[in-house]
Every structure is written in structure tokens, then in C-alpha cells.
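Me: I would like to go through the terms used for this structure and see what stands behind each one. Please set the values against the definitions.

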Protein chains: 2
Amino acid sequence: MPSSARPTQQQIEQAAARIAPYVHRTPVLQSRNLDELTGCKLFFKCENFQKAGAFKSRGAVNAVFSLDEQQIKQGVATHSSGNHAAALARAAALRNAKAYIVMPDNSSAVKIAAVKHYGRLVTFCSPTLTSRESTLKEVIEKTHAIEIHPYNNTTIIAGQATAAKELIEEVPDLDRLIVPVGGGGLLSGSALAAHYFAPHLTVIAAEPEQADDACQSFVQKKFVPSVHPDTIADGLRTSLGDITFPIILDHVEQVVTVSEKSIVAAMQLVWERMKIIIEPSSAVPLAALLEKKINCRSQRTGIIISGGNVDLNHLPWLSS
Amino acid sequence: MPSSARPTQQQIEQAAARIAPYVHRTPVLQSRNLDELTGCKLFFKCENFQKAGAFKSRGAVNAVFSLDEQQIKQGVATHSSGNHAAALARAAALRNAKAYIVMPDNSSAVKIAAVKHYGRLVTFCSPTLTSRESTLKEVIEKTHAIEIHPYNNTTIIAGQATAAKELIEEVPDLDRLIVPVGGGGLLSGSALAAHYFAPHLTVIAAEPEQADDACQSFVQKKFVPSVHPDTIADGLRTSLGDITFPIILDHVEQVVTVSEKSIVAAMQLVWERMKIIIEPSSAVPLAALLEKKINCRSQRTGIIISGGNVDLNHLPWLSS
């Protein structure tokens with residue numbers, strides 16, 4: 001990784017200013033009930049209320065609005081089955097730019113509809129990484145669109161960092177921050193935000209046991225890819241990238257893993273007690289506290305609720 | 001109704017001050033997506049985030065904290081299958097007072113658990129109004145507890161009025177307010193809050209077609225009881241009271257009714273687009289806008305989201 005790929009403090013500050021007109025400053029919620037259950041003082045940064053339903057809007061808007069007039073004319077492209085697809089489609093629409101979104105043909109109808117809602121083009125491919133990458137390559141060769149990788153991209157990471165930055169501004173005396181990890185865009189951004197704006201803050205990553213490549217990579221200090229991830233937390237199935245991983249090694253304290261059962265239980269608990277809708281990936285940090293994988297000791301603990309895009313016709317605690 | 005039964009402006013102001021330490025000042029949320037769908041500018045006062053999950057905590061706390069030291073020793077009592085039961089149990093627990101809650105034996109396990117969560121006594125009865133009233137009478141004869149009626153009670157109405165009062169403070173230039181109506185505690189309180197604090201504000205009530213006693217009473221200008229209400233909006237099945245009804249006649253502009261299908265569709269829409277959990281009763285005002293029962297014309301419209309207590313194992317759009 002060239003050292004210039006790691007976002008600087010200034011790049012994160014610029015990202016915050018750049019995206020401010022186009023994304024929500026999401027609320028920070030508390031729950032006495034969940035404080036009692038976990039023994040911590042919890043502060044939930046609610047990116048489920050973010051535009052397009054997830055923190056991904058931050059990175060996507062930052063990336064799209066960082067392009068100059070010449071570049072934006074080429075349009076943007078990515079492959080994604082999830083929240084990045086909708087976020088990038090929305091960000092492109094804000095600049096009246098073209099966006100070419102490659103989606104696996106088994107993507108959920110809800111997620112495909114979200115991309116189409118923003119009036120952008122979807123190209124379907126087979127649901128394998130090889131097919132996704134080759135289809136995207138073809139699209140880019142044909143259109144000359146600029147690829148915006150969902151996480152292994154400096155402007156994306158700088159954008160995602162702004163969620164933790166806002167949380168730190170709102171709750172300056174946080175002791176630690178727990179962040180879910182998939183490809184590491186949110187985690188590396190959050191870890192950098194803590195490093196720059198609250199150096200006392202400990203950052204812990206939480207990951208599904210059944211997609212524990214980040215944990216393995218972290219422990220072995222070498223990249224381990226995500227092979228056959230089998231988790232309900234659909235945002236956390238991807239592998240780390242060569243930009244996100246080194247940042248995580250430098251600035252994350254610990255990576256803990258949780259069971260599928262805990263993820264579903266934590267998700268349901270948040271719905272019941274906090275009356276907010278979060279997706280499975282967002283429940284992973286709370287699951288780590290409930291499983292006591294992280295020592296609580298009454299610490300002031302921030303949790304980034306990454307998104308709220310759920311198919312309401314298929315709730316995990318109702319599936320047989 | 002003695003004229004003294006109708007809460008005065010001062011009584012509502014006192015209620016606001018009295019309950020402030022014990023309830024949330026709930027947030028007011030907006031949704032550009034729902035604005036586009038309805039053609040209004042909507043402001044949702046989110047009592048689903050209230051203590052015990054519903055606006056009922058306002059009235060219950062006001063009633064319990066209005067009692068003097070001698071009265072509170074007697075304890076409080078009510079019959080309720082729903083949110084008032086939990087709210088009164090919680091309010092009594094805050095003063096270390098006894099609370100005797102009569103609940104029909106077919107109450108949902110979730111709601112019984114909520115009352116027991118606050119460590120108060122539940123007496124079960126048959127699920128008829130006669131059985132509820134006679135069982136409550138027995139309990140009161142034995143215990144000398146003070147009855148706190150769920151809505152036909154001046155201090156309860158004054159407490160419920162504080163939700164609309166807060167919304168008016170936060171959005172002073174509202175054009176109208178849509179409130180669901182069951183027994184009329186929330187509606188009469190909201191109508192009085194508008195009358196005292198924002199006299200320009202039009203208050204409209206929304207009710208399920210299949211429990212349209214308030215609409216009939218309003219049109220006929222005489223009390224029509226709720227007989228065999230058959231609605232998913234379980235908070236709106238009760239009849240108006242002799243305190244709430246005259247206030248509604250004086251200060252409510254219109255009562256509109258909506259279909260069961262619209263209630264479920266509106267509820268699901270709020271879950272999907274706003275990422276918040278609301279119960280069916282709370283969806284009735286939005287259903288009225290979606291059914292175009294209320295003329296929209298871009299007006300600034302407040303909606304009171306009454307509560308968020310839902311059995312997550314039985315979602316209405318999933319039942320066959």
C-alpha cells in the first residue's frame with residue numbers, strides 16, 4: 001500500500017465538510033435497559049437512520065463529490081450486492097452522474113429496488129467474486145467509468161470515518177468504540193478517527209465467527225481471505241483490503257468473534273428495547289458484549305449501528 | 001362532566017414540569033421519503049421511544065406523582081391489557097408504591113411481562129369489560145388502592161397533553177396535527193394542548209374503520225360505545241369517556257377512519273423507510289394520509305406516534 005492511501009486527519013476533516021450537505025448527522029441513542037444488561041454505558045451512533053439506510057452513504061458521497069468535472073462525466077462503477085450499491089447510486093444521482101452497478105443475480109429484491117430507486121443502471125452477474133470482478137471490468141472497459149471500490153479506497157475510508165468523528169464530538173469522554181468488520185472500510189475509518197480525534201479511545205472490532213477472516217488476519221498479522229463466509233450478517237462477508245488491513249493492524253486493539261445465535265438475539269433485543277430497526281451486521285458489536293467477549297467494567301462504550309436495511313418479510317428469529 | 005374535570009392550561013404546564021424528570025422528551029423525526037409519498041411535510045413525535053414504549057408513561061407518571069403522601073400509601077389500581085398497565089406499574093415503582101393491575105387472561109405474554117418487569121402485582125380476569133370492572137372493584141375494595149383510569153381522568157389527560165405540547169414547542173409553525181383515537185386520552189390532551197399553546201393548529205383524529213365509535217360519536221354528537229371492535233390497532237378498541245368526549249367535540253376538527261389494510265401498509269412503510277418500530281395504533285394517522293382521507297396540500301403536519309410495543313414474533317404483514 002502506498003502511504004498516501006491512508007487517509008490523513010485533514011482528509012477526514014475535508015470529507016466531513018464535503019458530505020455534510022448530503023448526509024444526515026445521525027443521532028446518538030442510549031438505552032438504560034441495554035446498559036443494565038451489559039453493565040456498560042452504551043452510546044449508539046445510529047447510521048441505520050442514514051441516507052439509503054447505512055453508513056455507506058458517507059463514503060459514497062465523499063468519493064463521488066471528490067471527482068472533478070472531467071472525471072464525473074465518465075460516471076462511476078462498482079460491484080456490490082448490498083448497501084454500497086444503493087449508496088453509490090444515490091451519490092451519483094446527486095451529481096447527475098452515470099453509475100454502473102454490477103450486482104449478483106441472487107441479490108435480494110429489496111436491494112435491487114433500492115439501486116433502481118435512484119434511477120441508475122444495474123448489470124447482473126453470477127454470484128461469485130470472479131464473475132463480479134470480470135463483469136465490472138467489462139463494464140468499465142466499455143464505459144470508462146471510474147471504479148469506486150466499496151471499502152479499499154482512500155476517499156471511501158475517509159468518508160466512513162466521519163461517523164466515528166461525529167460520535168466522538170458528541171460523546172468526547174468515550175472509553176472505547178466497538179465497530180463491526182467486513183471489508184474494513186468502516187473499521188479502518190473509525191480507527192483513524194479515534195487515532196486523530198480521540199487518541200485515548202480504544203477501538204475493538206466485532207465479527208461473526210462464521211466469517212472470521214479479519215480476526216484470523218489480525219492475529220496472524222497477515223492477510224487471510226474470507227472463504228465461504230456463512231453468516232446472517234450479510235454486510236460482513238467480504239475480505240479485508242490492502243488499504244484497510246494495515247490501518248486496522250496499527251490502530252485496532254482487538255478483534256472478537258460472535259456466534260450467529262448471539263447476532264440474532266442482539267438484533268432482536270435492539271428492536272424490542274430501543275424500537276429501532278437494525279440489520280444483522282449492526283448487531284454484532286452488542287452481541288460481543290452480551291457474549292462477554294469484551295470486558296465491560298462500566299466503561300463508556302460507543303457502538304456504530306452500521307445500517308437498517310432488512311427484508312421485513314424474512315426476519316431471522318422467525319425463520320425455521 | 002364537572003367543568004373542573006377538563007384540564008386547564010396551567011394543569012398541563014404543571015404536568016409537563018412534574019413528569020420531566022421521569023419521562024423522555026422524545027425526538028421529532030422527519031422523512032423526506034414519506035413527505036414525497038403523502039405530499040405533506042411530516043413531523044413525527046416519537047412516543048415509541050418513550051419510557052415503557054408508549055405515551056402512556058406521561059399520563060401515568062403525572063397521575064401517580066399528583067397523589068399526596070397519604071394517597072400514595074394506598075397504592076394505585078387499574079384494569080388494562082396494554083400500555084397503560086406497564087406505564088402505571090412503572091410510575092408506581094418510581095414512588096415505591098403498590099400497583100394492582102387487573103389484566104384479561106388473554107393479554108399477550110409480552111404485555112404481562114412488561115408489567116411484571118416493574119415488579120407490580122397482576123390480577124387476571126376474564127377478557128370482558130364486565131369482568132375487568134368487577135375484578136378491579138373487588139381489588140379496590142380489598143386494598144383501598146386509588147383507581148387510575150387509563151384515559152377518563154383529568155391528570156391522565158393533562159399528562160398525555162404534554163406530547164403535543166413538546167411537538168408544538170419544537171415545530172411552532174405546524175398547520176395541523178393528526179392523532180389516533182381510542183378512549184380519547186391522547187386525542188383530548190393533544191386537542192387541549194393545541195387550543196392553549198397553538199390556537200391556529202387544526203387537530204384531526206384518525207381511527208380504524210372497524211372500531212369507528214369515536215367517528216360515530218363525533219358525527220352524531222352523542223356517545224356511541226365501541227361494540228365488538230375488530231382491529232389490529234389494539235390501543236384503539238376502547239370507547240370514549242365522559243371527560244374525553246366533550247373535549248374532543250369542542251376542539252377536534254374532524255374524525256377520519258381507515259381500513260385495516262391501510263394500517264398494516266402504513267406500519268410497514270414506517271418500519272422500512274424510517275427504520276423505527278411502531279405499533280399498529282401509531283400507523284393510523286399516516287394511513288389516513290395514504291388513503292387521502294385528509295387533504296394534504298403540502299401542509300406542515302404533525303403526527304403523534306403513540307407507541308412501539310409490538311410482538312416481534314407476530315408481524316401483521318407476515319400473518320396468513
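Me: What makes strand E3 and strand E4 of chain A a pair?

Reply: Strands pair if DSSP finds at least two bridges between them. Strand E3 (residues 76–79) and strand E4 (residues 99–104) of chain A have 4 bridges in the parallel sense, so they count as paired. The model is a predicted one, in which local features need pLDDT of at least 70 and side-chain atom pairs count only at pLDDT 80 or more, while totals for chains, interfaces and linings use all residues. Residues are numbered from 1 along each chain as its sequence is written, chains are lettered from A and ligands numbered from 1 in the order in which they are written, and side-chain values use heavy atoms, with hydrogens and water left out.

Me: Why are E5 and E6 of chain A said to stand at the edges?

Reply: The open sheet has the order E5-E4-E3-E6 in chain A, with parallel pairing. Strand E5 (121–125) and strand E6 (146–147) each have a single partner strand, so one side of each lacks a neighbour in the sheet. Strands here are DSSP runs of E with at least two residues, and helices are runs of H or I with at least four, numbered from the N terminus.

Me: Which helix packs on that sheet, touching E3 and E4 of chain A?

Reply: Helix H5 (residues 83–94) of chain A does. Contact means heavy atoms within 4.5 Å. The direction of H5 makes about 165° with that of E4(A), where axes are lines fitted to C-alpha atoms, for helices over the stretch in contact, and angles run from 0 to 180 degrees between N-to-C directions.

Me: Why is Lys45(B) called buried?

Reply: Buried means under 20% relative accessible area, exposed over 50%, and partly exposed in between (1.4 Å probe, protein chains only). Lys45(B) has 0% relative accessibility, so it counts as buried. Lys45(B) lies in strand E2 (residues 41–46) of chain B. Not counting residues up to four places away in sequence, its contacts include Arg58(B), Glu166(B) and Ile304(B).

Me: What makes helix H13 of chain A largely enclosed?

Reply: In H13 (residues 280–290) of chain A, 10 of the 11 residues are buried, so the rest of the structure largely encloses the helix. Among the buried ones are Pro280(A), Val284(A) and Leu289(A). Just after H13(A), Lys292(A) has a positive phi of about 55°.

Me: How do you know that the two copies are related as by a two-fold rotation axis?

Reply: A rotation of 180° with 0.0 Å of shift along its axis superposes chain A on chain B, with RMSD 0.0 Å. The copies are therefore related as by a two-fold rotation axis. The C-alpha of Ile276(A) is the nearest to the axis in chain A, 2.2 Å from it. The superposition is by least squares on C-alpha atoms of residues with pLDDT of at least 70 in both copies.

Me: How much area do chain A and chain B bury between them?

Reply: About 1700 Å², with 61% of it on carbon and sulfur atoms. Lys275(A), Ile277(A) and Leu312(A) lose the most area on the chain A side, together 37% of what that side buries. Buried area is the accessible area (1.4 Å probe) that two parts lose on being put together, summed over both.
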